[in-house]
Amino acid sequence: MDFALNDIQQMLQDSAAKFIQNDYDFETRRRLTESELGYSEENWKLFAELGWLALPFDEAYGGLGGSLTDLIVLQTELGRGLVVEPYFSTVVLGGNLIQRHGSESQQSELLERLIAGELKLAFAQAEPQCHSSITDIETSAERSEEGYHITGHKAVVLGAPSADLLVVAARTSGNRGDQNGLSLFLVDPAQPGVTMQAYPTNDGFRGAEIRFDSVKATLLGEVDSAYDAIQATLNDAIVALSAEAVGVMEKLLNATVEFCKVRKQFGQPIGKFQVLQHRMADMFMECEQTRSMLYFGAITVAGGGEEASHAASMLKVKVGSAGRLVGQQAVQLHGGMGVSDELDVGHFFKRITMINTLLGSRDEHLQRLIRNAQAA
Amino acid sequence: MNIDLTGDELAFRDEVRAFFQNELPPQVMEKIQRGLRISRDDQIAYQQALHAKGWAGANWPVEYGGTGWSATQKYIFNNEAATAQAPRIIPFGLTMVAPVIYTFGNEEQKQRFLPDILASKVWWCQGYSEPNAGSDLAGLKTRAVRDGDHYIVNGTKTWTTLGHYADWIFCLVRTSDTGKKQEGISFLLIDMNSPGVSVTPIITLDGRREVNEVNFEDVRVPVENLVGEEGKGWTYAKVLLTHERTNIAGVASSKQRLKRLREMLSEPPLGMPNLIDNSVFMARVMETEIELKALEFTELRVLSAVSTGKAPGPESSILKIKGTEVQQMIDELYLEASGHYALPFVPEQYEEEGDGIVIEPHFAPNTAPHYYNNRKVTIFGGTNEIQKNIIAKAVLEL
């Protein structure tokens with residue numbers, strides 16, 4: 001039994017913490033979110049040099065062969081810095097799908113470019129009607145002599161505006177709701193027939209609505225059988241996102257404690273008031289419990305099987321509940337400054353709030369757990 | 001990061017599991033199976049069976065007859081005990097006074113008291129709280145005044161758990177009024193049979209006598225019953241509190257209770273409402289399971305730190321609060337699961353000799369008394385509010 005960081009994890013943590021301290025202060029991050037691109041290409045190159053883009057991929061393709069528990073160490077630090085580079089959409093979602101479902105040649109070609117920092121991805125999965133469901137897919141791919149063509153509407157595709165290539169989930173057979181008949185495709189977003197409505201998100205990232213009108217697409221891996229790869233990738237993604245959430249929450253707690261030590265009212269630091277001390281003790285407990293849940297989630301999801309989805313849902317519920325408490329109380333204890341755009345705290349609050357809406361909210365996952373218990 | 005047990009630890013787990021399956025005293029085994037209450041004699045028989053196995057002093061150093069178990073072994077033992085629904089070990093002798101005696105007592109005291117504690121031959125109780133010293137324990141007023149070779153003790157201790165079973169009581173008493181109030185406190189061992197000691201029952205909300213008030217009226221206590229130095233009692237008690245206390249969160253037993261509830265939800269016994277289709281209730285079940293799973297991993301994190309020789313991190317401070325909160329969440333789930341059969345008050349149905357009304361489902365009539373009684377867990381051992389004060393001060397440095 002061991003929860004200590006190993007050497008690789010310690011190195012990852014140190015390098016990420018150093019990057020955020022030296023190159024990613026809050027004002028720098030603000031300028032990036034306000035820039036046209038929305039992040040820094042230089043940072044992306046640095047991520048490649050530091051090996052972060054190679055972390056979860058097989059050594060055969062130039063990856064580091066890192067585990068899910070390695071990934072959560074990095075993701076937690078990225079959370080502390082509110083890093084907006086498209087790491088999640090490219091590495092955690094897109095790259096993971098290619099590694100899980102791509103053919104041998106697709107894996108070697110695409111992952112090599114990704115690892116070198118030359119390929120950014122976005123996963124176009126959700127649709128306006130389906131939110132977090134994997135199988136409720138209407139977007140379809142038709143096969144003709146010239147290959148596959150995709151038609152449909154993909155919703156809130158994170159990282160899409162900067163993606164070189166889209167990974168698109170589409171139906172090749174079966175009906176809405178079926179597990180069978182789902183396939184993954186690679187789509188060049190620059191081609192005719194792709195309409196992209198790009199927008200910033202509330203928490204400083206970029207996303208888009210994408211409409212495909214009979215757009216040429218390359219099949220990723222085998223046809224009709226992508227469900228397992230999508231589900232496994234989304235379970236990993238819940239763990240990675242939760243790790244980011246832990247970083248965000250711990251930052252919110254620390255900022256609040258430090259603020260309450262120096263903010264004086266009624267002639268003393270407000271941190272001396274017991275009602276506020278207990279609130280911060282509650283925040284602390286929620287942070288620790290969420291970190292514990294993260295470890296459970298990482299270990300269980302890495303183990304695969306039916307337990308993986310169950311554990312991912314449990315983790316997402318905890319992150320949703322705890323994130324809300326920690327975020328709201330951090331703003332509350334900062335008083336008026338908590339709702340000002342100027343201070344970083346509000347931006348961490350924005351991120352933790354949006355994390356709950358990603359990959360299925362607390363309420364959605366809670367309902368999943370209940371339905372599974374009822375079906376058992 | 002892994003939660004795997006080593007080969008030796010797995011072998012140990014199997015040995016402990018076999019003990020709980022095969023070597024419990026028959027009368028204890030039978031009562032567990034029939035869901036009956038454990039008596040004083042059963043309790044002693046159980047602890048003596050552990051002693052016969054060499055497992056009574058789980059926390060004790062080997063030189064005093066302890067097991068010398070690692071933190072992980074203690075965790076495994078507690079897990080298996082909970083899974084087997086074994087009685088809890090009454091902590092006052094084996095896990096509370098013994099560490100003070102073997103750490104701060106003199107040679108004579110060690111020889112006089114430790115063997116009987118280990119063999120569960122002597123029943124101890126705790127004399128800390130007083131009617132006017134609860135959370136502010138250092139304000140205690142029970143006084144021990146030196147008179148030749150004796151202390152004369154006067155005062156009142158309260159909430160004394162199972163004091164009516166006890167042969168001895170370990171007390172915090174005031175021996176001085178000068179200086180800081182903590183510095184006037186001493187640690188004194190008192191024979192409950194001494195003239196002037198009287199025990200009065202306090203009936204709790206479950207209608208039972210579990211706690212007592214203990215009065216001392218001019219009780220003569222030999223000075224050799226003072227542990228360590230006069231005026232150092234507070235320090236000893238604090239060391240005891242921070243002394244590694246495994247199982248404080250009660251994770252294993254909460255897991256066992258939730259598991260049984262889930263089984264009953266799937267196949268409700270006659271008389272239990274069908275709750276599995278009630279999504280409002282099921283949401284509470286799931287959230288309790290999630291909180292408990294998080295707590296289990298918090299405990300494992302503490303264990304991992306301790307077993308690699310590090311001090312437990314700040315996460316250890318939340319075990320008591322979260323553990324007791326989860327216990328009470330489960331109490332509420334059981335209350336709901338009892339439906340209207342939470343109403344009958346028939347405590348005799350859990351007694352071996354009970355020959356009155358028997359209500360089914362068997363568990364139901366006990367859920368309300370247990371729920372009422374178990375409000376204590378967020379109050380005793382330092383209220384959860386005091387625990388939050390400690391987190392604010394010691395962890396957040398506010």
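This is a predicted model: local features need pLDDT of at least 70, side-chain atom pairs count only at pLDDT 80 or more; totals for chains, interfaces and linings use all residues.
Chain A brings 31 residues to it and chain B brings 36 residues. On the side of chain A that touches chain B, α7, α8 (274–303), α9 (306–333) and α11 (362–375) each supply at least two residues. The largest share comes from α8(A), with 13 residues. By class, the side of chain A that touches chain B divides into 20 nonpolar, seven polar and four charged residues.

Two packed helices are described by the angle between their axes and the distance between the axes. For helix α4 (residues 68–80) and helix α7 (residues 227–262) of chain A, the angle is about 40 degrees and the axes are 7 Å apart. Because roughly parallel helices need an angle under 35 degrees, α4(A) is oblique to α7(A). The crossing of α4(A) with α7(A) is right-handed. From α4(A), the contact draws on residues including Leu68(A), Leu71(A), Ile72(A) and Gln75(A). Among their partners in α7(A) are Val239(A), Ala240(A), Ala243(A) and Val246(A). The residues of this contact comprise 10 nonpolar, four polar and five charged.

On α8(B), the contact is made by Val251(B), Ser254(B), Arg257(B), Leu258(B), Leu261(B) and Met264(B). On α10(B), the residues involved are Gly323(B), Val326(B), Gln327(B), Ile330(B), Leu333(B), Tyr334(B) and Ala337(B). An α-helix has 3.6 residues a turn, so residues three or four places apart point the same way. Nine nonpolar, three polar and one charged residues make up the contact of α8(B) with α10(B).

Just after α10(B) comes Gly339(B), with a positive phi of about 55 degrees.

Most residues other than glycine have a negative phi, and most peptide bonds are trans. Leu82(A), in the loop between α4 and α5 (87–101) of chain A, has a positive phi near 50 degrees. Leu82(A) is buried because it has 24 C-beta neighbours inside 10 Å. Asp218(B), in strand β7 (residues 209–222) of chain B, likewise has a positive phi, of about 50 degrees. Asp218(B) is exposed, since 11 other C-beta atoms lie within 10 Å. The peptide bond from Glu360(B) to Pro361(B) is cis, with omega near 0 degrees, and Pro361(B) sits in the loop between α10 and α11 (364–373) of chain B.

Finally, Gly134(B) occupies the loop between β1 (124–127) and β2 (143–147) of chain B. With 18 other C-beta atoms within 10 Å, Gly134(B) is partly exposed. Its C-alpha atom is separated by 23 Å from that of Gly207(B), 73 residues apart along the chain.

Key. Residues are numbered from 1 along each chain as its sequence is written. Chains are lettered from A and ligands numbered from 1 in the order in which they are written. Helices (H or I, at least four residues) and strands (E, at least two) are DSSP runs, numbered from the N terminus. A residue is buried if 20 or more other C-beta atoms lie within 10 Å of its own, exposed if 12 or fewer, and partly exposed in between; C-beta atoms are placed from the backbone. Axes are lines fitted to C-alpha atoms, for helices over the stretch in contact, and angles run from 0 to 180 degrees between N-to-C directions. Angles under 35 degrees count as roughly parallel, over 145 as roughly antiparallel, 65 to 115 as roughly perpendicular and the rest as oblique. A crossing is left-handed if the near helix is turned anticlockwise from the far one by less than a right angle, and right-handed if clockwise. Two residues are in contact if their C-beta atoms, placed from the backbone, lie within 7 Å. Ala, Val, Leu, Ile, Met, Phe, Trp, Tyr, Cys and Pro count as nonpolar, Asp, Glu, Lys and Arg as charged, and the others, Gly among them, as polar.
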